[in-house]
Amino acid sequence: MGLGYIGLPTAIIAAKHGVDIVGVDINPSVVEQTNAGHLHIIEPGMEEMLQDVVKSGKLHASTSPEVADAYFMVVPTPFKGDHEPDVSYVEAATRAVIPFLKEGDLYVIESTSPIGTTEMMANIIYNERPELKDKIFIAYCPERVLPGNVIYELVHNDRVIGGLNSASTEKAIEFYSQFVKGTLHKTNARTAEMCKLTENSSRDVQIAFANELSLICDKAGINVWELINLANKHPRVNILQPGCGVGGHCIAVDPYFITADFPAESKLISDAREINNYKAFWCAEKVKNAMLEFELKHHRKPVVAMMGLAFKPNIDDLRESPAKHIVAKVMQSCNNAEILVVEPNVKEHNVFKLTDYKDAYENADIVVFLTAHDPFRTLPWREDKVILDFCGIYKK
Ligand code: SAJ
């Protein structure tokens, strides 16, 4: 259930390993494209695999579920209102499969979910189908893949599998063993739910530490990149890299699933979210100040190059990107300055007119590095330009 960034690759890889798959998505265009062997997400090497499994008949897509032996919920869990997790897609997908469930079936949630979601869905299932109580297997099994490296990671990463009882855990392990070469670690559903949230919150907290250092160093006149590199020479210190904020659909979202349910206890996790959000605001203010200073000094508006829109280096994914947010903020207050927007991994954008990175760099008075794409590292440092390097292009 769900043919997105995780559901579709999982369906394709399981089909490739001989499992008969029905991929279900509510979006008819996704279903149509999948059946035509066209990959609607960006993932290197995946389209060829899709075409193979569609041709061999191992995978077909549909807008509604069909009878199966195992059902996987791989739908989004966004947040609503004041960062409250929204499990309505998981619930809708669950309700859609309830009529098809039969004794001995496996039901798994893979979607990132707040603690207790698996139990909540089990209650919904058993309310509708009380005769199935303790006769189906219910488990939670989060994914851990890094977009761009999914074919490898889906097979080789270890996974955590938490059933509502040990028979469910075993049943889920039996399924995943068909295509996962990493170790499958057994636990209960609540621990597995929290484990996913913990992994991404841990990364968020560590990035927040790096971002906080960058704010301190900016005030103290210290190069934060040099500082972190030196501190990391300690055998037990491993600080991550500061940037212009934290983006994407996972790390900037999942910690809220903890803070919403445990506000009194999750102080550090909550502060980390604030620091990482603040970093993007801070970067936008820095750019605006540099533009004002330039204008006062040169009596004309500067040409500004905004380098990078993607949420992390060397990808074309602009979802929840702090870089994109900063560009929009600066443009809103630009007062007729000329802003050149650069994203070498994207051909065109419906809001921003894109400029070639070399041309933008050449023509700009102020150059703002937002995303550390590899091609930017070939640009030489120029003393005649104001360079705001928020992502460590020149750290070496
Ligand atoms: N970032 C920094 N500094 C760093 C590392 C990352 O500022 O040192 C920023 C990136 O620029 C980006 C954001 O953090 O804006 C997130 O990027 P990421 O590479 O850390 O993670 P994602 O969102 O692409 O994928 C994460 C992964 N989780 C962990 O590393 C714990 C991935 O394994 C998960 O499967 C994925 O979330 C998910 O789907 O939950």
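How do the residues of the lining of the second largest pocket divide into nonpolar, polar and charged?

What you're looking at is a predicted model, where local features need pLDDT of at least 70, side-chain atom pairs count only at pLDDT 80 or more, and totals for chains, interfaces and linings use all residues. Numbering runs from 1 along each chain as its sequence is written, and side-chain values use heavy atoms, with hydrogens and water left out.

OK, the domains. We have domain 1 (7-194) and domain 2 (206-389), with bounds from an automatic or database domain assignment. Their centres, taken over C-alpha atoms, are 35 Å apart. Domain 1 puts 13 residues into the contact and domain 2 puts in 11, contact meaning heavy atoms within 4.5 Å. Between them the two domains bury about 1,000 Å², 72% of it on carbon and sulfur atoms; that's the accessible area (1.4 Å probe) that two parts lose on being put together, summed over both.

Back to that pocket. On a 1 Å grid over the protein atoms alone, a pocket is an open set of points with protein on both sides within 12 Å along at least five of seven lines, while a cavity is a set where a 1.4 Å probe fits but cannot get out; lining residues have an atom within 4 Å of a point. Volume is the space filled by probe spheres set on the points, which are joined across faces, edges and corners.

The second largest pocket comes to about 640 Å³. Its lining has 29 residues, with Asp20, Ile21, Ala70, Tyr71 and Phe72 nearest the centre. And the answer: 17 are nonpolar, six polar and six charged. Here Ala, Val, Leu, Ile, Met, Phe, Trp, Tyr, Cys and Pro count as nonpolar, Asp, Glu, Lys and Arg as charged, and the others, Gly among them, as polar.

As for cavities, the whole structure has one of 30 Å³ or more. The largest cavity is about 40 Å³, and its lining splits into two nonpolar, one polar and five charged. Glu143, Arg144 and Asp158 are among the lining residues.

Ile275 sits in helix 11. Leaving aside neighbours within four places in sequence, Ile275 touches Ala208, Asn211 and Glu212. Just after the helix, His299 has a positive phi of about 55°.

Terms used:
Helix = DSSP H or I, 4+ residues; strand = E, 2+ residues; numbered from the N terminus.
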